[in-house]
Amino acid sequence: MTQDEAKGEVVADRGAPREKKLNFFARIALFIRQVFGELRKVVTPTRQELVKFTAVVLGFVVVMMAIVYGLDVLFVWITTAVFGVPGTAGA
């Protein structure tokens, strides 16, 4: 890769050798090595952090449930007001 002087863009060298494509099993081995490398970066939360994160998630779920329930009740009320309740039109 080189930088084009006129436009400042990065372009591939025409004479640069291409990387050799790995065979199927080598690609699988490379993938597994990369997975283990990423897993080494994972930090396990402490018990206090885990409790805090769980409380935040449960609180968010409760709030979302309340919003959905409120919208459901609102739409039922609007539908009933607009279309009426079946069976009570003549009463």
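The legends below describe close-up views of a predicted model.

**View 1. Overall chain and its secondary structure.** The chain contains two helices and two strands, which follow the order β-β-α-α from the N terminus. Helices (H or I, at least four residues) and strands (E, at least two) are DSSP runs, numbered from the N terminus. Of the 91 residues in the chain, 0% are buried; buried denotes under 20% relative accessible area, exposed over 50%, and partly exposed the range in between (1.4 Å probe, protein chains only). The chain exposes about 9,100 Å², of which carbon and sulfur atoms supply 67%; accessible areas come from the Shrake-Rupley method with a 1.4 Å probe, and for residues only the protein chains shown count as cover.

**View 2. The aromatic pair of Phe-24 and Phe-25.** One aromatic pair is found in a search of the whole structure. Phe-24 and Phe-25 are arranged edge-to-face, at 5.4 Å centre to centre with 75° between the planes. Rings of Phe, Tyr and Trp (its six-membered ring) pair if their centres lie within 6.5 Å; planes under 30 degrees apart count as stacked, over 60 as edge-to-face and the rest as tilted. Both Phe-24 and Phe-25 are exposed.

**View 3. The salt bridge between Lys-41 and Glu-38.** The N to O distance between the side chains of Lys-41 and Glu-38 is 3.1 Å. Lys-41 is exposed, at 58% relative accessible area, whereas Glu-38 is partly exposed, at 47% relative accessibility.

**Notes.** Residues are numbered from 1 along each chain as its sequence is written, and side-chain values use heavy atoms, with hydrogens and water left out. In this predicted model, local features need pLDDT of at least 70 and side-chain atom pairs count only at pLDDT 80 or more, while totals for chains, interfaces and linings use all residues.

Conventions
Salt bridge = Lys/Arg side-chain N within 4 Å of Asp/Glu carboxyl O.
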